[in-house]
Amino acid sequence: MLPKTSRSQFALMPSVALLALVALQLGGLVAPAAAETRDPGSAPSASSPSAQPAAIEVVSARFGVFGVDGSGRRILLETENFPAISATPYGWYIVYKASKPTVVWREEFELPVSLDNWGPGEALGVYTISPDRKTAVTERVAPTGVGFIANQWRFTPGDPTGAHAIRVYIDGQLIRDFRFRIEGDPVAPPRTPSPQGGRRGPMI
């Protein structure tokens, strides 16, 4: 997602890397992240027992900034506030159990301001944009055998700072409502980014 003066691109995150991250977090080495689905503002509180459908058991749900530890292993650093550093990957993941073969998860990513241009992901159908241009909606069907769903975004200069929200649902039920702030003026990354570096878009 980028304003008119910028472009964005999305890329697939290798499932092996994500599963390795989950394994580390469930082993107590790293903190975990969250899940998905429905219209902004219409869902119940994620802290309410009724927010989780009976068929879904959430094992772990977390949000934060993705990084690597000293051994090069991918980790999630839980935080609700982080600086506007270009190419910074942030997002959520959820580990769950379900009594059905598939679930539909949905992410609603809401910005503090509207954007005219959310990048090529909108045109490609990776996500849809709300009429007020403030919210990107990503929806997917996931097999429950894996028991894991996730999404992440990257900050790039031109993206808004301030209060953000990511609501994640499973089968129409709100699982988590993550509230966080991206703070300060955008700054360059501490090192040369990857080929996707500095571009904002979902990483699913």
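**Salt bridges and strands**

A: A search of the whole structure finds ten salt bridges, a salt bridge being a side-chain nitrogen of Lys or Arg within 4 Å of a carboxyl oxygen of Asp or Glu. This is a predicted model, where local features need pLDDT of at least 70 and side-chain atom pairs count only at pLDDT 80 or more, while totals for chains, interfaces and linings use all residues. Residues are numbered from 1 along each chain as its sequence is written, and side-chain values use heavy atoms, with hydrogens and water left out.

Q: OK, which residue does aspartate 171 form a salt bridge with?

A: Its partner is lysine 100, and the closest N and O atoms are 2.8 Å apart. The pair links distant parts of the chain, 71 residues apart. Aspartate 171 is in the loop between strand S9 (162-170) and strand S10 (173-187), and lysine 100 is in the loop between strand S4 (89-98) and strand S5 (102-110). Helices (H or I, at least four residues) and strands (E, at least two) are DSSP runs, numbered from the N terminus.

Q: How accessible is aspartate 171?

A: Aspartate 171 is partly exposed, at 27% relative accessible area. Lysine 100 is partly exposed too, at 33%. For the cut-offs, buried means under 20% relative accessible area, exposed means over 50%, and partly exposed is in between (1.4 Å probe, protein chains only).

Q: What does arginine 133 meet in a salt bridge?

A: That would be glutamate 122, with 2.9 Å from N to O. Arginine 133 lies in the loop between strand S6 (128-129) and strand S7 (135-143), and glutamate 122 lies in helix H2 (residues 120-124), so the pair ties together parts that are eleven residues apart in sequence. Glutamate 122 is partly exposed, with a relative accessible area of 28%.

Q: And which side chain does glutamate 183 meet?

A: Glutamate 183 and arginine 181 form a salt bridge at 4.0 Å, N to O. Glutamate 183 is partly exposed at 38% relative accessible area, and arginine 181 is partly exposed at 39%.

Q: Nice. What stands opposite arginine 106 in S7?

A: Glutamate 139 does. S5 and S7 run antiparallel and are joined by nine bridges. Two strands count as paired if DSSP finds at least two bridges between them.

Q: How many bridges join S5 to S9?

A: Six, and that pair runs antiparallel as well. Glutamate 110 has alanine 165 in S9 as its bridge partner.

Q: Switching topic: in what order do the four strands of the open sheet come?

A: The order is S2-S1-S4-S8, with antiparallel pairing. Strand S2 (74-78) and strand S8 (148-154) are at the edges with a single partner strand each, so one side of each has no neighbour in the sheet. From one strand to the next, the twist averages 35 degrees; axes are lines fitted to C-alpha atoms, for helices over the stretch in contact, and angles run from 0 to 180 degrees between N-to-C directions.

Q: How many bridges do S4 and S8 pair over?

A: Seven, in the antiparallel sense. Tryptophan 92 stands opposite asparagine 151 in S8.

Q: What about arginine 154: is it buried or exposed?

A: Arginine 154, which is in strand S8, is buried, yet it has no salt bridge. The nearest side chain of opposite charge is aspartate 159, 11 Å away (Lys and Arg count as positive, Asp and Glu as negative; His and the chain ends are not counted). A polar atom of the arginine 154 side chain does lie 3.0 Å from the backbone oxygen of alanine 87.

Q: Last one: where is asparagine 81 found?

A: In strand S3 (residues 81-85). Asparagine 81 is partly exposed, at 38% relative accessible area. Leaving out residues up to four places away in sequence, asparagine 81 touches Arg181 and Glu183, where contact means heavy atoms within 4.5 Å.

Notes:
Polar contact = N/O pair within 3.5 Å; in protein donor to acceptor, adjacent residues only side chain to side chain.
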